[in-house]
Amino acid sequence: MQIENIIITGRMYRELEAAWPWDTGKQVRFLAESEVSEADMAWADAYVGFKPVPAFHPEAVRWVHALGAGVDAFVYRKPWNPGVLLTRTTGTFGRKIGEYCLGHMLADLQHHETFARGRSDRSWNPVPPLPLSGSRVTVVGTGSVGQELARMLQALGVQVSGVSMRGEKKPHMDHVFPISQIGDAVTGADWVINTLPLTAQTEKLFGSALFARMNGAGFINVGRGPSVDHAALLEALDQGRIRLAVLDVFEEEPLPAASPLWKRKDVRVTPHVAAVTSVEEALSGFLDTMRKLEAGERELANRVDPVRGY
């Protein structure tokens, strides 16, 4: 595939323009999302961004490259031209998400909030920390992110189970359940971590029926917000099925100020920061993919199946 005209948009378009190697010989338009027009789309061979803009049409270009790891903004419940290639940024998202999850898990086990409150009122409350080693963690989603997360957890003595569509064995996971047995996978887990993409199969997957299978687990969502029924989550927290929820992604972002999630002491809200795409990752990922495409390579590790949604 030969690419000549490229649109690059999204929140980091100015930074990407500053870092762009102009010896590529490509014609590139760096535009704010609000600036991309129908004429720009008609001109372009490739579209690069975090999400489609109003003028975006998948049949207008030959290649779409997502600057983030998720592609649901492009394909979830949306038509896609099968003749258009879709790729995504991979980078170090697994390591970043692993560090994010470990940070929150250790903060909970080490009672950071308890000691922070003790400092504020000068109370001496020696609550013994709990070990991470030996705990049972279920990682829902066994792609590159889930596997790296499992590797980090297993290295610290954690018993890791996974959940995937078909239940195929994966590295660093003691057992992998098919998604049809996800209830069994979360039963008895100390922590349940969602890393799944958003698809028709994963929308509201974490609902009342699944939360009912948990027994005081910590729950972390670093996948996609619509995978969780937040009303069911709140009910599970009230019932003690979940003792702590760490949420980085939401169905509506920014999370509305009126959301009851903000007020819960048993909920940690972070603003979609578990794995932020860096300028270096975005640029190198795109340029590397473009070089492979123009060299005629067909096996791309970051190629997305629009039908499956990942």
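Helices (H or I, at least four residues) and strands (E, at least two) are DSSP runs here, numbered from the N terminus. With that in hand, select Thr142: this residue sits in the loop that links strand E6 (136-140) to helix H6 (144-155). You're looking at a predicted model, where local features need pLDDT of at least 70, side-chain atom pairs count only at pLDDT 80 or more, and totals for chains, interfaces and linings use all residues. Residue numbers start from 1 along each chain as its sequence is written, and side-chain values use heavy atoms, with hydrogens and water left out.

**Stop 1**

Is Thr142 buried or exposed? Thr142 is buried, at a relative accessible area of 8%; buried means under 20%, exposed over 50%, and partly exposed in between (1.4 Å probe, protein chains only). Now show what touches Thr142, counting heavy atoms within 4.5 Å as a contact. Skip the neighbours within four places in sequence, and Thr142 is in contact with Gln147, Gly162, Val163, Ser164, Lys170, Met173 and Val176.

**Stop 1: helix H6**

Step on to H6, a helix of twelve residues. From first C-alpha to last, H6 reaches 17 Å, close to the 16 Å expected at 1.5 Å a residue (the expected span being 1.5 Å times one less than the number of residues). Colour Val145, Gly146, Glu148, Leu149, Ala150, Met152 and Leu153, which are buried in H6. Those buried residues pack against H4, E6, strand E7 (159-164) and strand E9 (191-194). After H6 comes Gly157, with a positive phi near 85°.

**Stop 2: back to strand E6**

Pick Thr138, which lies in strand E6. Thr138 counts as buried, at 2% relative accessibility. Beyond its neighbours within four places in sequence, Thr138 is in contact with Ser161, Val163, Ala185, Val186, Ala189, Trp191, Val192 and Ile193. For a distance check, draw a line to Val307: Thr138 and Val307 are 169 residues apart in sequence, and their C-alpha atoms are 26 Å apart in space.

**Stop 3: Pro197**

Select Pro197 next, in the loop between E9 and helix H8 (208-211). Pro197 counts as partly exposed, at 30% relative accessibility.

**Stop 4: helix H10**

Jump to residues 279-294, the 16 residues of H10. At 1.5 Å a residue H10 should span 22 Å, and its end C-alpha atoms are 22 Å apart, which agrees. Buried in H10 are Glu281, Ala282, Leu283, Phe286, Leu287, Thr289, Met290 and Leu293. Their cover includes strands E1 (5-8), E3 (46-49), E4 (63-66) and E5 (85-88), along with helices H1 (13-19) and H4 (93-109). Just past H10, look for Gly296, which takes a positive phi of about 85°.

**Last stop: zoom out**

Now show the whole chain, with its ten helices and twelve strands. Its C-alpha trace spans about 65 × 45 × 35 Å along the principal axes. Of the 310 residues, 49% count as buried.
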